Amino acid sequence: MSTNILQNNLALANMTADSNLLTGRVVIVTGAAQGLGRATALGFGRRGAKVALVDSNQATLDDTVKQMLSHGAECTAIVADITDPGAPSRIVQKTTELLGRLDILVNNAAISSVEPLLEVTEGEWDKVFAVNVKALFFLLQAAARVMKDSGGGRIVNVSSPAARMTREEYVAYSTAKSAGDYITRTAAAALGPYGITVNAVVPGRMDTAMQRTNEMASAAAAGIDLQTYIHSRTVDIPLRRRTTPEEVAEAIIWLATQSASYVTANRLNISGGLELD
Ligand SMILES: NC(=O)c1ccc[n+]([C@@H]2O[C@H](COP(=O)([O-])OP(=O)(O)OC[C@H]3O[C@@H](n4cnc5c(N)ncnc54)[C@H](O)[C@@H]3O)[C@@H](O)[C@H]2O)c1
């Protein structure tokens, strides 16, 4: 390859990399105190974005703040239960006040529930829907109002392979995640004219606190030793391994970059083939 062609290729590579930097972009990440939310916040921070870290767990959120600051990332912590009445609009308002604007929303916070279909209680159903559907929708709405006025934005909702599975002990969680997918599609159509993209990311099995709690409950209910159960739920993944919050965070962040400018209404499957699209 001639020196000129090599230099042109390098310039192109740098241009692509630069256009995918998120310097000065303002992001809200819910559920940022641990797991996928924390990895996503750190990933955005490394690319120069300013991050509003939202979570109801102050102690673990403080750890995320420390990690963000140790990487030189700009952030603000918003300790809030996203299901509190009016919380979604307060979170968006606080973000614009403290960080100046809002470009990206990552609706990551969720709770899971493991109850056989015949045992599901109204209280558990309502709790799951309050976080995974209602708060997700009103955060999206509050963020989209600001993004519409500023000429555009990116919204990423975190879904789950469970949304398309028929696991009866996950019926509340799975139904809520399906509702989230419906919101993603509808919002993508409604908000496209304002330059706002809306996509979902579907993580595979990550060894987070949520996954561990679910697997302990399911293994106990099935009378199977936990390690045997975890092994069986690893070898059934076509890529034969679990994923990490960091690996899934890369997909979320990509959806917020210039490279994904024409991607909307997508359900991006990062499940190692667990979900076969
Ligand atoms: N872990 C997996 O294998 C897996 C697989 C598929 C999808 N997901 C999805 O990925 C996302 C992140 O999951 P995770 O495994 O990191 O979960 P996690 O339980 O480890 O973390 C979730 C975070 O959300 C916060 N949160 C929950 N309810 C809240 C509320 N009402 N207000 C404010 N904060 C609240 C929690 O405090 C916690 O910090 C979720 O949407 C989950 O459904 C996870």
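Student: At what angle do helix H7 (residues 209–222) and H8 pack?

Tutor: A word on the source: this is a predicted model, where local features need pLDDT of at least 70, side-chain atom pairs count only at pLDDT 80 or more, and totals for chains, interfaces and linings use all residues. Residues are numbered from 1 along each chain as its sequence is written. Helices (H or I, at least four residues) and strands (E, at least two) are DSSP runs numbered from the N terminus, and axes are lines fitted to C-alpha atoms, for helices over the stretch in contact, with angles from 0 to 180 degrees between N-to-C directions. The axes of H7 and H8 are 9 Å apart, and the packing angle is about 110°.

Student: Are H7 and H8 roughly parallel or roughly perpendicular to each other?

Tutor: Angles under 35 degrees count as roughly parallel, over 145 as roughly antiparallel, 65 to 115 as roughly perpendicular and the rest as oblique. With an angle of about 110°, H7 and H8 are therefore roughly perpendicular.

Student: Which residues of H8 meet H7?

Tutor: Contact here means C-beta atoms, placed from the backbone, within 7 Å. On the H7 side there are Glu215, Met216, Ser218 and Ala219, and they meet Leu226, Tyr229 and Ile230 in H8.

Student: And how many nonpolar residues are in the contact of H7 with H8?

Tutor: Ala, Val, Leu, Ile, Met, Phe, Trp, Tyr, Cys and Pro count as nonpolar, Asp, Glu, Lys and Arg as charged, and the others, Gly among them, as polar. The contact has one polar and one charged residue, and the nonpolar ones number five.

Student: Are H2 and H3 roughly parallel or antiparallel?

Tutor: Helix H2 (residues 35–46) and helix H3 (residues 58–70) have axes 10 Å apart and an angle of about 20°. That makes the pair roughly parallel.

Student: Which residues of H3 are in that contact?

Tutor: H2 brings Arg38, Ala41, Leu42 and Gly45. From H3 come Thr64, Gln67 and Met68.

Student: What span is expected for helix H6?

Tutor: The rule is 1.5 Å times one less than the number of residues. H6 (residues 171–191) has 21 residues and reaches 30 Å from its first C-alpha to its last, close to the expected 30 Å.

Student: Which elements do the buried residues of H6 pack against?

Tutor: Buried means 20 or more other C-beta atoms within 10 Å of a residue's own, exposed means 12 or fewer, partly exposed is in between, and C-beta atoms are placed from the backbone. In H6 the buried residues include Tyr173, Lys177, Ile183 and Leu191. Their partners are helix H5 (122–150), strand S5 (153–158), strand S6 (196–203) and S7.

Student: Why does Arg185 count as partly exposed?

Tutor: Arg185 sits in helix H6. Arg185 counts as partly exposed because its C-beta neighbours inside 10 Å number 16.

Student: Which residues does Pro116 touch, not counting those up to four places away in sequence?

Tutor: Pro116 is in the loop between strand S4 (104–107) and H5, and it counts as exposed, with 11 C-beta neighbours inside 10 Å. Its contacts are Glu168 and Glu169.

Student: What is the phi of Arg240?

Tutor: Arg240 lies in the loop between helix H8 (226–235) and helix H9 (245–255), and is exposed with 10 C-beta neighbours inside 10 Å. It is not a glycine, although its phi is positive, at about 60°.

Terms used: Contact = placed C-beta atoms within 7 Å.
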